[in-house]
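Dear colleague,

I am handing over the structure shown below.

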Amino acid sequence: MPHERMEYDARPAPQRVGPPVYDVHHLASVASGAFYTASAFWAATGVGVAALTGGGAIWAALRTSHPRWRLTYSTDHDPLVDPLLGGRLEIRRDGILLTDPHLVRITLVNPGRRDIASSAFDQGRPLHVDLGVPYLEMVGTVSEPSSAQPPPASVDGSRLSIGPGRIGCGTTITYLLLVDTVPTYSCTHSLLDVRVSELPAPPFRRSPRQPPLVLP
């Protein structure tokens, strides 16, 4: 639509000679300018909201890729009967003869400077280590330092469940298990804001508090 203008002369009537003194723009052009200003404002507001949303997404991605806590675990096992002995030595557990007994060590380490709180276990769900064996039993727990309280652990079939529970900074916790065949390992967890990684098994040192596996 072409631009419209209204003209008027502010001088007294007897002196109105020549072209008009003032040139006044049509109201539509003023309204159009106000509308443009409002559109620009809301466009700028939208850009700001988008920038905040994008910044939040970036922060969440960085938080996920750089979690606040770290937890490492390792697995190891050794046969309890030297194959050279053949059938000359038998090991029984609660009267059950074990054909190929192995001692398993599941070790958790918190290498960070902050404790991993019990609340890090999402909805209280424990960390699971499945050993894929037909016979599994807890026989002991070793903590370093010795004053550290390990998260509770339980056995269900071939799976060891650990936690929920606090894992102190600089703490090493080893769970000892008895199995009746060579195990395999599969670890699953639902820990929040914790990077869980597998490491080679550290050398095992028996704690003075740890009772022997086989009693006379």
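How many of the eight residues of strand E6 (residues 102-109) are buried? Seven of them are, and the strand is mostly covered. Buried means under 20% relative accessible area, exposed means over 50%, and partly exposed lies in between (1.4 Å probe, protein chains only). Strands (E, at least two residues) and helices (H or I, at least four) are DSSP runs, numbered from the N terminus.

Please note that this is a predicted model, in which local features need pLDDT of at least 70 and side-chain atom pairs count only at pLDDT 80 or more, while totals for chains, interfaces and linings use all residues. Residues are numbered from 1 along each chain as its sequence is written, and side-chain values use heavy atoms, with hydrogens and water left out.

Overall composition

The protein chain contains 13 strands and one helix. Their order from the N terminus is β-β-α-β-β-β-β-β-β-β-β-β-β-β. Of its 216 residues, 28% count as buried. Contact means heavy atoms within 4.5 Å; among contacts between residues at least 6 apart in sequence, 77% join residues at least 24 apart. The chain exposes about 14000 Å², of which carbon and sulfur atoms supply 60%; these areas come from the Shrake-Rupley method with a 1.4 Å probe, and for residues only the protein chains shown count as cover.

Strands around E6

Two strands pair if DSSP finds at least two bridges between them. E6 pairs with strand E3 (residues 69-79) in the antiparallel sense, over eight bridges. Within this pairing, Thr72 has Val109 as its bridge partner, and Tyr73 stands opposite Leu108. E6 is also joined to strand E11 (residues 172-179) by eight bridges, again running antiparallel; here His102 stands opposite Val179. E3 in turn is joined by five bridges to strand E13 (residues 194-198), and these two run parallel. In that pair, Arg70 stands opposite Arg195.

The nonpolar cores

A nonpolar core is a set of buried Ala, Val, Leu, Ile, Met, Phe, Trp, Tyr and Cys residues joined through side-chain atoms within 4.5 Å. The largest has 23 residues, and Leu71 and Tyr175 touch the most other members. The elements that give two or more residues to this core are E3, E6, strand E7 (127-130), strand E10 (159-162) and E11. E11 gives the most, with four residues. Leaving aside neighbours within four places in sequence, Tyr175 is in contact with residues including Val104, Ile106, Leu108, Met138, Leu160 and Ile162. Another core, of nine residues, lies apart from the largest one; Val81, Ile91, Tyr135 and Leu176 are among its members.

A four-stranded open sheet

Four strands form an open sheet in the order E9-E10-E7-E12, with antiparallel pairing. E9 and strand E12 (186-188) are the edge strands, each pairing on one side only. From one strand to the next the twist averages 20°, where axes are lines fitted to C-alpha atoms, for helices over the stretch in contact, and angles run from 0 to 180 degrees between N-to-C directions. Three bridges link E7 and E12, and His128 stands opposite Thr188 in E12.

A loop residue

Ser146 lies in the loop between strand E8 (136-144) and strand E9 (153-156). Ser146 is partly exposed, with a relative accessible area of 48%. Its C-alpha atom is separated by 9.4 Å from that of Thr172, 26 residues apart along the chain.

Yours sincerely
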